Amino acid sequence: MDELKISEEQLRQLVWKILKKLEEESKKEKKLLYMVCTSAWDERYETFLEELQLSGQYRVCPVIPDEWQESGLESRLKGFPSCTGIRCYSQGIPKNLEEAVTVFPVVSTEAVVKTALCIQDTFETSWVAACFREGSRVLFMQTGLTPFSGKEQPAYQDQILSYYRKILEYGVEICSCKELCSPVTAVIPDKKTEVCAAGPKRVITASTVEQYASDGVLTVRQGDIITDMAKDRARVLNIALQETKVVR
(Lines give C-alpha, C1' and ligand atoms only; values in the text may rest on other atoms or scores of the structure.)
Protein backbone atom coordinates (compact mmCIF):
# COMPACT_ATOMS: atom_id res chain seq x y z
CA MET A 1 0.00 0.00 0.00
CA ASP A 2 1.43 3.36 -1.04
CA GLU A 3 2.29 5.86 1.66
CA LEU A 4 -0.17 8.72 2.05
CA LYS A 5 1.71 11.82 0.99
CA ILE A 6 0.59 15.35 1.76
CA SER A 7 2.35 18.54 0.83
CA GLU A 8 3.13 21.33 3.26
CA GLU A 9 0.59 23.58 1.55
CA GLN A 10 -2.15 20.92 1.79
CA LEU A 11 -1.36 20.47 5.47
CA ARG A 12 -1.56 24.22 6.05
CA GLN A 13 -4.94 24.37 4.29
CA LEU A 14 -6.24 21.43 6.32
CA VAL A 15 -5.18 23.01 9.62
CA TRP A 16 -6.74 26.32 8.55
CA LYS A 17 -10.09 24.62 7.76
CA ILE A 18 -10.09 22.81 11.11
CA LEU A 19 -9.36 26.02 13.03
CA LYS A 20 -12.05 27.90 11.11
CA LYS A 21 -14.60 25.19 11.86
CA LEU A 22 -13.71 25.22 15.55
CA GLU A 23 -14.05 29.01 15.62
CA GLU A 24 -17.49 28.85 13.96
CA GLU A 25 -18.67 26.18 16.41
CA SER A 26 -17.39 28.26 19.32
CA LYS A 27 -19.37 31.27 18.11
CA LYS A 28 -22.51 29.20 17.73
CA GLU A 29 -22.32 28.16 21.37
CA LYS A 30 -22.22 31.77 22.58
CA LYS A 31 -25.42 33.72 23.04
CA LEU A 32 -25.82 36.97 21.12
CA LEU A 33 -26.04 39.98 23.45
CA TYR A 34 -27.09 43.45 22.32
CA MET A 35 -25.55 46.14 24.53
CA VAL A 36 -27.77 49.18 23.98
CA CYS A 37 -25.96 52.45 24.62
CA THR A 38 -27.60 55.81 25.28
CA SER A 39 -26.68 59.05 23.52
CA ALA A 40 -24.28 60.09 26.30
CA TRP A 41 -20.95 58.26 26.61
CA ASP A 42 -20.29 56.59 29.94
CA GLU A 43 -17.24 54.69 31.21
CA ARG A 44 -19.57 51.97 32.49
CA TYR A 45 -19.91 50.66 28.92
CA GLU A 46 -16.24 49.70 28.91
CA THR A 47 -16.45 48.34 32.44
CA PHE A 48 -19.36 46.13 31.42
CA LEU A 49 -17.45 44.79 28.39
CA GLU A 50 -14.41 44.06 30.55
CA GLU A 51 -16.47 42.07 33.04
CA LEU A 52 -18.36 40.25 30.29
CA GLN A 53 -15.16 39.37 28.50
CA LEU A 54 -13.97 37.30 31.45
CA SER A 55 -17.03 35.03 31.28
CA GLY A 56 -16.67 34.29 27.56
CA GLN A 57 -20.37 33.40 27.37
CA TYR A 58 -21.64 36.06 24.97
CA ARG A 59 -21.05 37.57 21.55
CA VAL A 60 -21.58 41.26 22.20
CA CYS A 61 -22.97 43.67 19.63
CA PRO A 62 -23.00 47.25 20.97
CA VAL A 63 -25.89 49.34 19.66
CA ILE A 64 -24.67 52.93 19.44
CA PRO A 65 -25.78 56.42 18.33
CA ASP A 66 -24.52 57.19 14.80
CA GLU A 67 -22.39 60.12 15.99
CA TRP A 68 -20.18 57.76 17.95
CA GLN A 69 -18.65 56.55 14.67
CA GLU A 70 -17.01 59.89 13.96
CA SER A 71 -16.10 60.71 17.56
CA GLY A 72 -13.92 57.61 17.95
CA LEU A 73 -16.11 55.99 20.60
CA GLU A 74 -16.99 53.16 18.22
CA SER A 75 -13.30 52.24 17.94
CA ARG A 76 -12.97 52.06 21.72
CA LEU A 77 -15.75 49.47 21.88
CA LYS A 78 -14.35 47.48 18.95
CA GLY A 79 -11.12 47.03 20.88
CA PHE A 80 -12.74 44.45 23.18
CA PRO A 81 -12.43 40.80 22.02
CA SER A 82 -16.00 40.09 23.15
CA CYS A 83 -17.28 42.72 20.72
CA THR A 84 -18.23 40.91 17.49
CA GLY A 85 -19.85 43.79 15.64
CA ILE A 86 -21.37 47.25 15.95
CA ARG A 87 -24.94 48.31 15.17
CA CYS A 88 -25.97 51.96 14.77
CA TYR A 89 -29.31 53.48 15.67
CA SER A 90 -29.94 54.29 12.00
CA GLN A 91 -29.94 50.57 11.19
CA GLY A 92 -33.12 50.21 13.21
CA ILE A 93 -34.16 47.35 15.45
CA PRO A 94 -33.04 43.87 14.30
CA LYS A 95 -35.42 41.01 13.65
CA ASN A 96 -33.50 38.44 15.71
CA LEU A 97 -34.30 39.82 19.17
CA GLU A 98 -36.00 36.55 20.10
CA GLU A 99 -32.64 34.77 19.77
CA ALA A 100 -30.68 37.38 21.72
CA VAL A 101 -30.32 39.02 25.12
CA THR A 102 -30.58 42.80 25.46
CA VAL A 103 -28.65 44.61 28.18
CA PHE A 104 -28.69 48.29 29.16
CA PRO A 105 -25.48 48.96 31.15
CA VAL A 106 -26.63 52.54 31.82
CA VAL A 107 -30.31 53.32 32.49
CA SER A 108 -31.77 56.77 33.07
CA THR A 109 -34.76 57.35 35.33
CA GLU A 110 -36.55 58.72 32.27
CA ALA A 111 -36.11 55.41 30.44
CA VAL A 112 -37.49 53.49 33.43
CA VAL A 113 -40.53 55.75 33.71
CA LYS A 114 -41.29 55.63 29.99
CA THR A 115 -40.90 51.85 29.89
CA ALA A 116 -43.30 51.51 32.81
CA LEU A 117 -45.83 53.78 31.09
CA CYS A 118 -45.38 52.02 27.71
CA ILE A 119 -44.19 55.24 26.06
CA GLN A 120 -42.09 54.54 22.95
CA ASP A 121 -40.79 57.94 21.87
CA THR A 122 -37.05 57.18 22.13
CA PHE A 123 -34.82 54.58 20.49
CA GLU A 124 -34.18 52.85 23.82
CA THR A 125 -37.83 52.52 24.82
CA SER A 126 -38.78 51.39 21.30
CA TRP A 127 -36.11 48.68 21.54
CA VAL A 128 -37.46 47.49 24.90
CA ALA A 129 -41.01 47.39 23.51
CA ALA A 130 -39.79 45.30 20.56
CA CYS A 131 -38.15 42.88 23.02
CA PHE A 132 -41.43 42.57 24.89
CA ARG A 133 -43.24 41.71 21.66
CA GLU A 134 -40.68 39.03 20.82
CA GLY A 135 -40.51 37.62 24.34
CA SER A 136 -36.81 38.46 24.47
CA ARG A 137 -34.82 38.80 27.67
CA VAL A 138 -34.13 42.39 28.80
CA LEU A 139 -31.75 43.34 31.60
CA PHE A 140 -30.95 46.64 33.33
CA MET A 141 -27.60 46.62 35.13
CA GLN A 142 -27.82 47.56 38.81
CA THR A 143 -24.68 49.69 38.49
CA GLY A 144 -26.31 51.62 35.65
CA LEU A 145 -29.40 52.78 37.53
CA THR A 146 -29.74 56.39 38.66
CA PRO A 147 -29.72 56.52 42.50
CA PHE A 148 -31.79 58.88 44.59
CA SER A 149 -29.96 61.93 45.90
CA GLY A 150 -31.68 61.61 49.27
CA LYS A 151 -33.20 65.08 48.96
CA GLU A 152 -36.35 63.98 47.17
CA GLN A 153 -39.71 64.02 48.87
CA PRO A 154 -40.91 60.57 50.04
CA ALA A 155 -43.91 60.75 47.69
CA TYR A 156 -41.59 61.25 44.72
CA GLN A 157 -39.38 58.32 45.72
CA ASP A 158 -42.44 56.09 46.18
CA GLN A 159 -43.69 57.01 42.71
CA ILE A 160 -40.35 56.22 41.06
CA LEU A 161 -40.11 52.92 42.94
CA SER A 162 -43.59 52.04 41.69
CA TYR A 163 -42.28 52.41 38.13
CA TYR A 164 -39.45 50.01 38.94
CA ARG A 165 -41.97 47.50 40.29
CA LYS A 166 -43.99 47.88 37.10
CA ILE A 167 -41.08 47.12 34.75
CA LEU A 168 -40.22 44.09 36.88
CA GLU A 169 -43.77 42.87 36.30
CA TYR A 170 -43.19 43.33 32.57
CA GLY A 171 -40.28 40.91 32.83
CA VAL A 172 -37.33 43.31 32.87
CA GLU A 173 -34.50 41.94 35.04
CA ILE A 174 -32.35 44.15 37.24
CA CYS A 175 -29.10 42.42 38.11
CA SER A 176 -25.32 42.58 38.25
CA CYS A 177 -22.94 41.40 35.53
CA LYS A 178 -21.99 38.47 37.77
CA GLU A 179 -25.62 37.34 37.93
CA LEU A 180 -25.97 37.77 34.16
CA CYS A 181 -23.10 35.34 33.62
CA SER A 182 -24.17 32.88 36.33
CA PRO A 183 -25.80 29.58 35.34
CA VAL A 184 -29.60 29.66 35.22
CA THR A 185 -31.13 28.26 38.39
CA ALA A 186 -34.67 27.42 39.43
CA VAL A 187 -36.76 30.48 40.27
CA ILE A 188 -38.25 28.97 43.41
CA PRO A 189 -36.54 26.26 45.52
CA ASP A 190 -38.35 23.54 47.39
CA LYS A 191 -40.04 25.00 50.45
CA LYS A 192 -37.89 22.91 52.79
CA THR A 193 -34.63 24.00 51.17
CA GLU A 194 -32.32 26.25 53.14
CA VAL A 195 -30.74 28.99 51.05
CA CYS A 196 -27.85 31.36 51.50
CA ALA A 197 -28.62 35.01 52.20
CA ALA A 198 -25.90 36.01 49.75
CA GLY A 199 -27.69 34.41 46.79
CA PRO A 200 -29.03 36.54 43.90
CA LYS A 201 -32.38 38.25 44.31
CA ARG A 202 -35.27 36.82 42.32
CA VAL A 203 -38.34 38.48 40.90
CA ILE A 204 -41.56 36.65 41.75
CA THR A 205 -44.44 37.49 39.43
CA ALA A 206 -48.09 36.42 39.24
CA SER A 207 -47.23 33.54 36.90
CA THR A 208 -44.55 32.36 39.34
CA VAL A 209 -47.14 32.09 42.09
CA GLU A 210 -49.31 29.71 40.07
CA GLN A 211 -46.40 27.65 38.72
CA TYR A 212 -44.36 27.10 41.87
CA ALA A 213 -46.87 27.14 44.72
CA SER A 214 -47.18 23.81 46.50
CA ASP A 215 -49.74 22.75 49.11
CA GLY A 216 -50.96 26.32 49.47
CA VAL A 217 -47.47 27.68 50.16
CA LEU A 218 -45.02 29.57 47.96
CA THR A 219 -41.54 29.71 49.44
CA VAL A 220 -39.57 32.92 49.10
CA ARG A 221 -36.25 33.97 50.52
CA GLN A 222 -34.92 37.12 52.05
CA GLY A 223 -34.23 39.76 49.40
CA ASP A 224 -36.63 38.39 46.78
CA ILE A 225 -38.66 41.00 44.92
CA ILE A 226 -42.36 40.13 45.02
CA THR A 227 -44.50 42.14 42.62
CA ASP A 228 -47.84 43.55 43.72
CA MET A 229 -49.60 41.39 41.14
CA ALA A 230 -47.93 38.31 42.63
CA LYS A 231 -49.19 39.21 46.10
CA ASP A 232 -52.70 39.82 44.75
CA ARG A 233 -52.65 36.52 42.87
CA ALA A 234 -51.51 34.65 45.96
CA ARG A 235 -54.27 36.26 47.99
CA VAL A 236 -56.93 35.27 45.44
CA LEU A 237 -55.67 31.68 45.34
CA ASN A 238 -55.32 31.57 49.13
CA ILE A 239 -51.59 30.87 48.85
CA ALA A 240 -49.31 31.83 51.72
CA LEU A 241 -45.95 33.42 51.04
CA GLN A 242 -43.48 31.75 53.37
CA GLU A 243 -39.90 32.91 53.85
CA THR A 244 -37.24 30.19 54.00
CA LYS A 245 -34.73 29.77 56.77
CA VAL A 246 -31.56 31.72 56.04
CA VAL A 247 -28.16 30.12 56.53
CA ARG A 248 -25.66 32.54 58.09
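The side chain of Arg44 reaches the backbone oxygen of Thr143 at 2.8 Å, a polar contact (a pair of N or O atoms within 3.5 Å; within protein, one must be able to donate a hydrogen and the other to accept it, and residues adjacent in sequence count only if both atoms are side-chain atoms). Please keep in mind that this is a predicted model, in which local features need pLDDT of at least 70 and side-chain atom pairs count only at pLDDT 80 or more, while totals for chains, interfaces and linings use all residues. Residues are numbered from 1 along each chain as its sequence is written, and side-chain values use heavy atoms, with hydrogens and water left out.

**Around Arg44**

- Arg44 sits in helix H2; helices (H or I, at least four residues) and strands (E, at least two) are DSSP runs, numbered from the N terminus.
- With 30% relative accessibility, Arg44 is partly exposed; here buried means under 20% relative accessible area, exposed over 50%, and partly exposed in between (1.4 Å probe, protein chains only).
- Setting aside neighbours within four places in sequence, Arg44 is in contact with Pro105, Val106, Thr143, Gly144 and Leu145, where contact means heavy atoms within 4.5 Å.
- Arg44 and Pro105 are 61 residues apart in sequence, yet their C-alpha atoms are 6.8 Å apart in space.
- The backbone nitrogen of Arg44 also lies 2.8 Å from a polar atom of the side chain of Asp42.
- Asp42 belongs to the loop between E1 and H2 and is buried, at 19% relative accessible area.

- The chain has ten helices and twelve strands.
- Six of the strands form an open sheet in the order E3-E2-E1-E4-E5-E6, with parallel pairing; two strands pair if DSSP finds at least two bridges between them.
- At the edges are strand E3 (87-88) and strand E6 (173-175), each pairing on one side only.
- E2 and E3 run parallel and are joined by two bridges; Ile64 has Cys88 as its bridge partner in E3.
- Helix H2 (residues 44-55) lies across E1, E2, E4 and E5 and runs at about 165 degrees to E1. Axes are lines fitted to C-alpha atoms, for helices over the stretch in contact, and angles run from 0 to 180 degrees between N-to-C directions.
- H6 packs on the sheet too, touching E1, E2, E4 and E5, and its direction makes about 145 degrees with that of E4.

**Nonpolar cores**

- The largest nonpolar core has 27 residues, of which Tyr34, Phe104, Trp127 and Phe140 touch the most other members. Such a core is a set of buried Ala, Val, Leu, Ile, Met, Phe, Trp, Tyr and Cys residues joined through side-chain atoms within 4.5 Å.
- Among the elements giving two or more residues to this core are strand E1 (31-36), strand E4 (100-104) and helix H6 (123-134).
- H6 supplies the largest share of this core, five residues.

**Tyr163 in H7**

- Tyr163 lies in helix H7 and is buried, with a relative accessible area of 18%.
- Its contacts, leaving aside neighbours within four places in sequence, are Val112, Val113, Ala116 and Leu117.
- Tyr163 and Ala116 are 47 residues apart in sequence and 5.5 Å apart in space, C-alpha to C-alpha.

**Cysteines**

- A search of the whole structure finds zero disulfides, a disulfide being a pair of cysteine sulfur atoms within 2.5 Å.
- For Cys37, the closest cysteine sulfur is in Cys83 at 9.5 Å, too far for a bond; Cys37 is buried, at 0% relative accessibility.
- For Cys83, the closest cysteine sulfur is in Cys61 at 7.1 Å, again too far for a bond; Cys83 is buried, at 12% relative accessible area.

- E9 and strand E11 (residues 240-243) run parallel, joined by four bridges; Thr219 has Gln242 as its bridge partner in E11.

**The chain as a whole**

- Buried residues make up 38% of the 248 residues in the chain.
- Among contacts between residues at least 6 apart in sequence, 69% join residues at least 24 apart.
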